[in-house]
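Colleague: I would like to learn how to read a model of this kind. Could we take it feature by feature?

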Amino acid sequence: MIVRILNEGQWRLTDEAVRGLNAFDDAVEKAVSAADQDQLTRALHALLERIRTTGTPVPDEELEDSDLILPAADSTLADVQQLLSESEEGLIPG
Amino acid sequence: MSGIFQRISLIFRAKTDKALDKLEDPRQTLDYSYQRQLELLQKVRRGVADVATSRKRIELQANQLNTQADKLTNQAQKALEIGREDLAREALTRRSGLQQQLSDLQVQHAQLQGEEEKLTRASQRLQAKVDAFRTKKETIKATYSAAEAQTRINEAFSGISEEMGDVGLAIQRAEDKTAQMQARAGAIDELLASGALEDPTGIAKDDITLELEQLASTSDVENELARMKAELSAGPGAAPQAIEGQQVPSQQPPTQAPPPPRLDAQSPQEYQAPPSQSQEAPPAQPQGDLR
């Protein structure tokens, strides 16, 4: 599975490694719905660190679609909410 | 793994699909997309340059603030030397205000540096992907049937457009950040220009310097007076000696005059002597220089 961390790049993860991420996913989702910035930052950092350590970076010259796209490590609540509510215009050029 | 990340990737994919749906003949629009990629690449590079400019501006301002802080430290030192603790305190208070500004600037500097590194990295990544896309584009155009081309085009497009979406977000973010920084930097520039940073109280322009200068000139006057008085009182022994060196031997032996009258007589001599020397000297030099 290929995971993209916005502003960082892509990582290739084994299915097993992906399953290990579920707990982190829940933590991030809770933080977003509770609008808790500190919790979001902590949960995101833990999640992204896990991906960086368990995954292997996808080389720059490979053109691969990601299965999952994760917000950048220093994303604010507003950033994540904006990502989720992003209008269909403008984000993807071309 | 489900939840918000799937939603985020679905949003990205929806945009790609939408972009692809718009294309009536994907093969012909490969070149058009490539053009867009090059434009985006240019935009990222400009973004890197903009962030670097903002970073340098902050460095410049930090230097200026540092100079101001050093100046205030020196002022405090001088004020203490002449026993004006109140002035020293004022100078140090202002310096601590500057240091607050400085540490703010350092935080901003670190943020901009981080942003610059990320954008630089994004620019490298996009460059590599654009190169890969160009290769694929040529292969697709040359080799495959229309049906095969469609699949390959979709693959190439989704890979590149995800990257473009990511980079697009990064640029937007960097632009927002630099805009904020520039607003702040502009405010600090104005402060520095108006001299208000030197005088947070707004009462007068750098009154510490004024007062120190006043004190310094007063003490200069006092010092000068003291020096002159010392010269005068040391007169019989020290200063006049040079002038009297030749005169005294010839005058003293015959008269044997009492000391008090001599003092009166010497004072005028002492004051007259320098002008007469300085009048003689100038003519001598120009003559030598001119001829």
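Colleague: In which strand is A:Q10 placed?

Modeller: A:Q10 sits in strand β2 of chain A, which covers residues 9–12. Keep in mind throughout that this model is predicted.

Colleague: Is A:Q10 buried or exposed?

Modeller: Burial is read from the relative accessible area, and under 20% counts as buried. A:Q10 has a relative accessible area of 5%, so this residue is buried.

Colleague: What does the side chain of A:Q10 pair with?

Modeller: For a polar side chain, look for a polar partner. The side chain of A:Q10 makes a polar contact of 2.9 Å with that of A:S66. A:S66 is also among the residues in contact with A:Q10 once neighbours within four places in sequence are left aside. That list includes A:I2, A:T56, A:P57 and A:E64 from chain A, and B:K129 and B:E162 from chain B.

Colleague: A:P57 is on that list. Where is A:P57 placed, and is A:P57 buried or exposed?

Modeller: A:P57 belongs to strand β3 of chain A. Over 50% counts as exposed. With a relative accessible area of 58%, A:P57 is therefore exposed. Not counting residues up to four places away in sequence, A:P57 touches A:Q10 and A:W11. Sequence distance and spatial distance should be read side by side. A:P57 and A:G9 are 48 residues apart in sequence, while their C-alpha atoms are 7.6 Å apart in space.

Colleague: What should I notice about the backbone of A:N7?

Modeller: A:N7 is not a glycine, yet has a positive phi of about 75°. A:N7 lies in the loop between β1 (2–5) and β2 of chain A. A:A35, likewise not a glycine, has a positive phi of about 55°. A:A35 is found in the loop between α2 (22–33) and α3 (37–54) of chain A.

Colleague: Is A:N7 buried or exposed, and which residues is A:N7 in contact with?

Modeller: A:N7 has a relative accessible area of 7%, so A:N7 is buried. Beyond its neighbours within four places in sequence, A:N7 is in contact with A:A72 and with residues of chain B, among them B:E115, B:R125, B:D166 and B:R173. The C-alpha atoms of A:N7 and A:A72 are 6.0 Å apart, although 65 residues separate the two along the chain.

Colleague: How many helices and strands does chain B have?

Modeller: Chain B has seven helices and zero strands. Of its 291 residues, 35% count as buried. Among contacts in chain B between residues at least 6 apart in sequence, 86% join residues at least 24 apart.

Colleague: Which residues touch the most other members of the largest nonpolar core?

Modeller: In a core, look for the members with the most partners. The largest nonpolar core has 43 residues, and B:L40, B:V44, B:L119, B:L126, B:F133 and B:V167 touch the most other members. In chain B, α2 (26–81), α3 (85–143), α4 (146–194) and α5 (207–233) each supply at least two residues of this core. A second, separate core of 29 residues includes A:A17, A:L21, A:L70 and A:V80.

Colleague: Which residues are closest to the centre of the largest pocket?

Modeller: The largest pocket holds about 410 Å³ of space. It is lined by 19 residues, and A:S75, A:D79, A:Q82, B:L169 and B:R173 are the closest to its centre. α4 of chain A and α4 of chain B each supply at least two lining residues. The largest share, eight residues, comes from α4(B).

Colleague: What is the mean pLDDT of chain A?

Modeller: The mean is 82, and 89% of the residues of chain A reach 70 or more.

Conventions: Residues are numbered from 1 along each chain as its sequence is written. Chains are lettered from A and ligands numbered from 1 in the order in which they are written. This is a predicted model: local features need pLDDT of at least 70, side-chain atom pairs count only at pLDDT 80 or more; totals for chains, interfaces and linings use all residues. Side-chain values use heavy atoms; hydrogens and water are left out. A nonpolar core is a set of buried Ala, Val, Leu, Ile, Met, Phe, Trp, Tyr and Cys residues joined through side-chain atoms within 4.5 Å. Buried means under 20% relative accessible area, exposed over 50%, partly exposed in between (1.4 Å probe, protein chains only). Helices (H or I, at least four residues) and strands (E, at least two) are DSSP runs, numbered from the N terminus. pLDDT is the predictor's confidence in each residue, from 0 to 100. A polar contact is a pair of N or O atoms within 3.5 Å; within protein, one must be able to donate a hydrogen and the other to accept it, and residues adjacent in sequence count only if both atoms are side-chain atoms. Contact means heavy atoms within 4.5 Å. On a 1 Å grid over the protein atoms alone, a cavity is a set of points where a 1.4 Å probe fits but cannot get out, and a pocket is an open set with protein on both sides within 12 Å along at least five of seven lines; lining residues have an atom within 4 Å of a point. Grid points are joined across faces, edges and corners, and a volume is the space filled by probe spheres set on the points.
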